[in-house]
Structures are given as structure tokens and as C-alpha cells.
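Please look through the structure shown here before reading on. The report that accompanies it moves from the whole chain to its parts and then to its partner.

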Amino acid sequence: MQVQSYFSSLDNLDGELSTLNLGPTHPATHGVFQNVLKMDGERIHSAEPTIGYIHRAFEKLAEHRPYNQITPITDRLNYCSSPINNMGWHMTVEKLIGCELPKRAQYMRVIIMELSRIADHLVCNSVIGVDTGALTGFTYMFQERELIYEMFEEVCGSRLTTNIGRIGGMERDFTPAFHAKLKAFMQGFPARFEEFNNLLERNRIFMDRCIGAGPISAERALAYGFTGPNLRATGVDYDVRVMTPYSSYEDFDFIIPVGSGQGDTYDRFMVRQEEIRQSLRIIDQACKNMPEGNYHADVPDFYLPSKPDVYTKMEALIYHFKVVMSETPIPVGEVYHCVEGGNGELGFYLISDGGRHPYRLHFRRPCFIYYQAFPEMIKGAMLSDAILAMSSMNVIAGELDA
Amino acid sequence: MQLDNATLLAAIERRFPGAILAHSEPHGMLTLETTREQIIDLLQFVKDDPEIEAIFLTSLCGMHYPDHAGKELGVVYHLHSFVQNLRFRIKIFFPVDDPHVPTATTVWPTANWMERQEYDFFGIIFTGHPDLRRILNVDDLDVFPMRKEYRLEDGTRTDKDDRFFGRKGHEGREFD
């Protein structure tokens with residue numbers, strides 16, 4: 001309130017405002033973001049975001065790539081939680097070709113997706129700590145993230161840009177080494193996470209910095225197309241996992257945390273903290289109730305046959321060739337599929353004309369959509385609060401610029 | 001009242017007789033086609049109607065079909081009613097020579113960047129948009145790269161010709 005009246009009296013200040021270029025490569029912005037700020041001293045009068053610095057033409061690229069070669073593109077959207085993007089894309093194609101996965105494969109996907117959600121939220125929340133001046137939690141939580149990446153490495157061989165899973169299931173079953181790592185993580189992580197939580201949650205300095213920084217109301221957030229933790233921080237309990245369950249999320253018992261309704265940095269931090277705990281619950285249930293069965297569906301047109309079969313069986317060799325060359329029949333149609341990504345509803349709108357490549361593929365990238373509210377959220381705030389608001393929104397440059 | 005595809009379609013047709021040019025349900029999602037003259041009224045209606053409450057614009061994206069004479073360009077609006085948990089999409093088509101569409105920023109502020117993006121890639125001009133500039137590409141680009149006539153890479157390459165794989169290439173992607 002105070003801030004608003006402050007500016008209504010200063011609206012004609014144009015000549016006396018100074019311009020500050022925040023970014024594109026400022027260490028405090030954690031990525032390639034540029035904002036041209038009009039400043040009155042330390043207060044922000046208006047902000048003008050410029051985006052597109054790392055635009056890589058994903059939608060155009062996708063129109064020229066076979067379906068299984070689009071997965072590595074999705075890695076590079078929100079690269080803090082690549083597996084969710086990969087699996088979102090796989091599920092989109094599976095919806096188009098009408099392929100139902102065995103329960104075991106779905107549960108395996110849930111475990112991987114929840115692990116990557118934890119990794120995504122850990123990065124975001126520990127960086128909020130860094131931006132308020134608490135570097136310690138960040139270094140400790142990056143150790144935990146490392147453990148998650150080691151598990152991804154065990155499943156798919158890579159860490160950051162994972163290309164995990166295949167259209168039709170997982171590429172291989174979980175190995176005993178993966179199970180050992182997951183067990184060690186599930187036993188050790190909660191205590192270390194609560195230690196991190198204690199460092200910040202009721203920390204007077206942290207609270208004073210975060211409460212009230214970058215607020216947005218539920219009404220404005222919906223009008224701006226917010227999804228994910230940022231929307232839930234404003235008090236709206238919208239979660240794709242519950243509203244339109246995919247990959248057997250309806251089997252799991254978990255709650256959707258919502259914020260106090262302020263929609264400020266502290267709310268976003270708290271929502272993510274609780275979501276990490278809920279993700280742990282989901283992983284725990286998935287491990288305990290893991291059904292028997294195959295780790296992939298029987299879709300030879302899309303799913304690579306096993307190597308021993310390729311070397312010894314004619315049919316497997318033919319399918320191997322067809323899958324690699326993408327010479328497989330694709331139905332004509334259009335499909336929209338969305339998953340709950342690390343920072344919101346990640347949607348894929350796919351139009352197929354029956355060709356080798358999608359006719360049109362549109363990515364609904366959550367942070368592209370909600371980042372446009374940033375100028376409104378930081379109007380009248382201090383410069384240091386703008387940095388905090390940006391990191392707490394979890395804007396990922398790769399996803400923003402596609 | 002529990003809303004489903006049939007009741008939603010009926011409600012829209014009751015309010016806008018003759019405005020729905022086509023409808024289908026690919027993979028269970030109601031897909032309507034209307035005209036650009038009526039799109040904003042229709043969006044406003046589904047947003048405000050107390051029984052539909054499609055308050056959330058999920059995504060807005062352009063399309064290009066070079067072979068559909070007079071309907072080359074299109075825009076798809078994905079809408080979501082949180083209360084009814086129903087998703088549906090509305091499409092409009094218009095000629096590439098006259099790529100003007102009224103802006104949806106009057107209904108949802110989030111349409112701002114979405115429309116800038118489709119302007120940037122397809123050259124769709126959203127009339128009434130407060131700030132219609134390129135967003136992801138450089139400002140002085142003089143083409144609309146997502147249109148089908150713009151090739152992804154060097155046009156002299158022949159090793160990726162779809163005809164070698166027994167298929168017809170995509171529309172607008174003929175190799176010479």
C-alpha cells in the first residue's frame with residue numbers, strides 16, 4: 001500500500017529516473033535474462049524484460065525430426081528437471097499412438113519424475129538462500145542433487161540432459177545399483193533436508209528478506225497463466241498430477257501444498273519445501289508397491305528391441321532398423337498432453353499429418369508464460385527484492401527461450 | 001451442473017448460433033472451429049459464463065497449412081475450466097494475405113507474450129495488441145520462420161529427402 005501511494009505521487013518523474021541494465025549476463029540472475037530497469041534510487045519504477053538470448057528454434061527443429069529424436073530437444077527446455085520433460089513428450093506420443101504402459105513402467109516413471117522434481121526444487125530453493133546471503137544451504141543441497149544425478153546416470157547414462165526412457169517405456173529395468181542408491185538416498189536425505197529447512201524456514205533474516213518480496217494475488221496469477229508452485233503459492237490448489245492424472249499418479253496418496261495467499265517469495269519457498277516432502281512420500285509408495293511386470297509396453301514400432309535379439313533374430317533386426325530410421329506408421333491426429341513439470345504445467349500440443357515428423361509441435365512452456373508477470377511483481381520493489389523474486393519464480397532460461 | 005463436451009458445445013451453440021463451423025473430439029478433447037470475427041466474444045463468453053468458467057488460457061499457438069487456400073494460417077486456443085476440470089480448444093483459420101486476428105489480451109493478460117510469440121514466428125498480426133514486437137527472434141529479422149516455406153537448413157541437402165523413404169514430404173517442403 002505504502003509503495004503504491006509512493007508511486008502515484010511520482011508518476012511524472014520520467015526525467016529523473018535512471019536506467020539500469022540488469023543482465024543479460026549478471027551473476028545474480030542465474031541465467032541469461034535481461035531487464036531494463038527504470039530506477040528511482042534503489043526502487044524499481046518499471047522493468048522491461050528482453051528474452052530470447054538462447055533461442056534455439058525448438059518448434060521448428062521438432063518439425064524436422066522423427067519422434068524419438070525430439071526427446072533430446074525436450075531435455076533442453078527446463079534442464080533442471082529434464083526427465084519430466086522427456087517423459088511428458090513420451091506420454092504425448094503414446095497418447096497419439098494409443099499405447100498403454102504396464103503399471104511397472106508407469107511406477108518407474110513416477111520415481112524418476114519425482115526425483116527430478118526434488119532436484120529442481122532443491123536448486124530453486126537453495127538459490128533463494130544464496131540470494132538472501134545464505135550460501136551454506138546451497139552447497140549442502142547440491143551434494144544431494146549430485147546423489148539424484150548419480151541415480152539418473154545409473155538408469156540412463158547421463159546426468160543433466162538425460163534423454164531418459166523411450167516412447168513405450170523405460171530403456172532398461174532399474175539395476176540393483178540404482179535400488180541401492182535410491183535406498184541410501186531415501187534413508188539419508190530427509191534428515192539432511194530438514195537440516196537445510198531449519199537453516200532457513202524460521203530464520204529471522206531469511207523471513208524478513210522473503211516475506212512480501214515479489215507478491216502476486218491468486219486472481220492476477222490465474223490471469224497471467226501461472227501454474228505449478230508459483231500458482232500454488234498464491235493459494236490455488238491446481239496440480240496437473242491431481243487434475244488430469246497421468247502415469248498412475250491417481251494411485252498415490254499425497255497432498256498439494258498451497259501458500260498463504262500472499263504469493264510472495266516466502267510462499268513459493270515454503271510450497272516447494274513441502275512438495276519435496278510429498279515427492280519423497282510418492283517415491284516411497286512407488287517403491288513399496290512396485291508391481292511386477294515389464295518395464296516397457298509391447299510397441300515394436302517405437303521401442304528398440306534388445307541388442308541380443310537384434311544380432312540373432314531377423315524380425316528384431318528389421319524393427320531395429322525401422323525404429324532408428326523412424327519408418328513407422330504414425331496416426332493422423334492432434335493431441336494435447338501436459339505434465340506437472342518442475343515449475344508448472346508443461347504441455348505438448350502435437351499435430352500429426354502421418355509423416356515422419358510432427359506437422360506442428362507447440363511446447364507450452366510454463367516459465368515463458370508466467371515470466372511476463374515479472375515487471376508487475378517487482379514494481380515499486382527494491383532492486384535486491386527483484387533478484388529474489390526472479391530466483392523464487394524458478395525461471396529457467398532454456399525453457400523461457402525454447 | 002457437470003459440464004461435458006456435449007453440454008459445452010450445446011451451450012456455445014445456443015449463445016452463438018451458427019458460429020461453430022466444425023467440431024470434433026480428437027483424443028477426447030472438444031475441438032471447435034469458429035471465425036476470427038467471433039473469437040473474442042466467444043472467449044469472453046466461455047470465460048464469464050457461470051456454468052463454463054473457462055478462466056484459464058492454457059496456451060495459444062499458430063499453425064500454417066500452405067495448401068488450404070484461404071485458410072492458410074490458424075490460431076489454436078487451449079482453454080481450461082478449473083471448476084469443471086474440462087479442457088477444450090478453439091481454432092480459427094484465415095488467409096495468409098490478411099493475417100489479422102483480434103487480440104485476446106483484452107480477455108487474459110497472459111495472451112500478451114503468447115501472441116507476441118506467434119507474431120514473431122508466423123507473422124500473425126493481433127490487432128489491438130498493446131505491444132506487438134518480436135520476442136524470441138532478433139528485431140531485424142525479415143521473415144516469419146515457422147511458416148512452412150522457410151527451410152530448417154541448407155536447401156541443397158538431399159540426404160534427408162522424404163521421398164527416399166517412400167513418403168511424400170510435408171506440405172511446403174518440396175525439394176528442388
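The model is a predicted one, and every value given below was computed from it. Chain A contains 18 helices and six strands. Its radius of gyration is 22 Å, close to the 21 Å that the globule rule gives for 402 residues, so chain A is as compact as a globular protein of that length. Along the principal axes, the C-alpha atoms of chain A fill a box of roughly 80 × 45 × 35 Å. Of the 402 residues of chain A, 52% count as buried, and among the contacts in chain A between residues at least 6 apart in sequence, 71% join residues at least 24 apart.

The domain assignment divides chain A into domain 1 (2-50) and domain 2 (58-401), and the centres of these two domains, taken over C-alpha atoms, are separated by 32 Å. Where they touch, domain 1 of chain A gives 16 residues and domain 2 of chain A gives 18 residues. On the domain 1 side, α1 (2-8) and β3 (43-50) of chain A each supply at least two residues, and the largest share, five residues, comes from β3(A).

Within chain A, helix α4 (residues 82-97) and helix α5 (residues 103-131) have axes that come within 7 Å and cross at roughly 140°. That angle makes α4(A) oblique to α5(A). In this contact, A:S82, A:P83, A:I84 and A:M87 of α4(A) meet A:R109, A:I112, A:M113, A:S116 and A:R117 of α5(A).

Chain A also touches chain B, with 34 residues of chain A in contact with 29 residues of chain B. Among the elements that give two or more residues to the chain A side are the helices α2 (58-62), α9 (218-223) and α15 (366-370), together with the strands β4 (333-341), β5 (344-352) and β6 (360-364) of chain A. The largest share of that side, four residues, comes from β4(A).

| Side of domain 1 of chain A that touches domain 2 of chain A | nine residues | five residues | two residues |

Note on methods. Residues numbered from 1 in each chain as written. Chains lettered and ligands numbered in written order. Predicted model: local features only at pLDDT ≥ 70, side-chain atom pairs only at ≥ 80, totals over all residues. Contact = placed C-beta atoms within 7 Å. Domains from an automatic or database assignment. Nonpolar A, V, L, I, M, F, W, Y, C, P; charged D, E, K, R; others polar. Rg over C-alpha atoms; globule rule 2.2 N^0.38 Å. Buried ≥ 20, exposed ≤ 12 C-beta atoms within 10 Å, placed from the backbone. Axes fitted to C-alpha atoms, helices over the stretch in contact; angles between N-to-C directions. Parallel < 35°, antiparallel > 145°, perpendicular 65-115°, else oblique.
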